[in-house]
Amino acid sequence: MTYTIILKVDWKKPESSKIKAAAEVILRGGLVAFPTETVYGLGANAMNENAVKRIYEAKKRPLDNPIIVHVASKREIIQLTKEIPLKAEKLMKTFWPGPLTLVLNASNKVPKATTGGLGTVAVRMPNHKVALSLIKKSRVPIAAPSANLSGNPSPTIAEHVKKDLYGRIEMILDGGSTNIGLESTVLDLTVDPPQILRPGGVSYEELLKVLEKVEVHPDVLAEKRVSLDKVPSPGMKHRHYAPKAEMILVEGTVEATVKKVQQIVNFHMRNGKKVGILATDETESLYNADVVKSMGTRADISMVARNLFRLLREFDEEEVEIIVAEGLPFEGLGLAVMNRLRKASGYKIMKVS
Ligand code: TXA
Ligand code: MG
């Protein structure tokens with residue numbers, strides 16, 4: 001058992017004494033959870049192999065799943081990479097700091113624990129004052145996966161981190177709720193054309209404004225669990241974002257979706273199950289179930305993204321046994337939302353029209 005210190009920090013103007021205390025933990029090889037604009041990260045000194053190994057332990061994360069390295073300036077990625085392609089320069093200029101992670105060829109200075117032994121390294125500059133000041137104060141790049149137990153939905157408030165990791169890490173910096181609510185986009189620049197390995201905060205459409213061509217890895221929209229060998233991003237093959245409840249996702253037109261969701265709910269309620277619905281503002285009032293929660297309005301998918309992981313955790317708290325979720329359009333942030341919903345459902349998808 002590790003003693004976990006929880007410090008509330010001002011996300012607009014992080015208190016320097018608190019950032020200093022957190023940086024000291026990082027430099028001693030300890031683990032600090034901190035907010036970013038996407039989700040909370042669990043940070044360690046990326047250049048300290050033993051510190052990074054402790055991340056895997058604390059999260060119970062499979063050892064072959066590499067970790068994103070967070071930097072506070074572009075200069076820092078020189079020591080982490082073999083070369084910085086022109087496309088990377090362009091993307092950094094447009095999207096950093098922000099929710100875009102770039103996979104580049106790794107220099108041999110990056111410990112194996114950080115790269116998962118892949119020969120590549122994933123780097124990103126978060127757009128959050130607490131994250132940036134922690135990296136600057138530590139003067140080392142910080143390796144940080146999402147600060148949840150492996151397999152759980154990523155944390156969007158410090159309370160989620162506490163629930164999963166209290167007693168397993170040295171410190172939690174509580175900077176309130178994260179803004180985007182879904183993880184960064186992971187873009188592989190070691191292949192041509194660049195390939196989206198995980199959709200996230202920067203959309204495919206936005207990337208296309210900077211790059212001539214972008215591919216979406218076929219597993220991103222997999223409708224079945226992807227095969228266990230030959231995935232470029234090990235995170236793809238692990239069960240993810242999953243609530244404890246069984247989840248069923250219904251995809252199709254709004255009208256047909258509402259009808260099918262209610263049918264599935266009725267079936268399970270008749271069998272005595274506690275059933276929840278993941279709805280939208282437009283449809284919420286049309287349903288009958290034990291629990292109905294709205295992800296937000298269909299007119300603003302960024303609201304849906306912000307609420308999704310919190311709602312999945314709430315269903316578990318309320319001991320809902322079956323969750324039936326509405327699918328949404330795949331445009332913009334919708335691609336990331338649908339990727340998470342499909343994974344969370346374990347690919348139990350029903351299509352209606
Ligand atoms: O928004 C985010 O990206 C958050 C915050 C904390 O920055 N971090 C995050 O990390 O989501 P994590 O570890 O939960 O997800 C990182 C994903 C995994 O799917 C992993 O397999 C992939 O990125 N990844 C990391 N390094 C990679 C590499 N060298 N090549 C391919 N995929 C990589
Ligand atoms: Mg994660």
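I'm working with a predicted model here.

**Entry 1: the cores.** I looked up the largest nonpolar core, and it has 65 residues. Which members touch the most others? They are L91, L102, L173 and L187. I picked L102 and listed its contacts, skipping residues up to four places away in sequence: A88, L91, M92, W96, V121, A122, V123, L187 and L189. There's also a second, separate core of 26 residues, and I found L308, L328, L341 and A344 among its members.

**Entry 2: helix 1.** I checked residues 16-27, which form helix 1. Its twelve residues reach 16 Å from first C-alpha to last, close to the 16 Å expected at 1.5 Å a residue. Which of its residues are buried? I got I19, A22, A23, V25 and I26. They sit on the same side of helix 1, because they cover an arc of only 155° around the axis. Next I asked what these buried residues pack against, and the list is strand 2 (32-34), strand 3 (41-45), helix 5 (129-138), strand 7 (142-143) and strand 8 (171-174). After the helix comes G29, and I noted its positive phi, near 90°.

**Entry 3: L42.** I found L42 in strand 3. Is L42 buried or exposed? It counts as buried, because its relative accessibility is 0%. I also checked L42 against K343, 301 residues apart along the chain, and their C-alpha atoms are separated by 22 Å.

Key
Residues numbered from 1 in each chain as written. Chains lettered and ligands numbered in written order. Predicted model: local features only at pLDDT ≥ 70, side-chain atom pairs only at ≥ 80, totals over all residues. Heavy atoms only, no water. Helix = DSSP H or I, 4+ residues; strand = E, 2+ residues; numbered from the N terminus. Expected span 1.5 Å × (residues − 1). Buried < 20%, exposed > 50% of the residue type's maximum accessible area, 1.4 Å probe, protein only. Arc of directions from axis to C-beta. Contact = heavy atoms within 4.5 Å. Core = buried A, V, L, I, M, F, W, Y, C linked by side-chain atoms within 4.5 Å.
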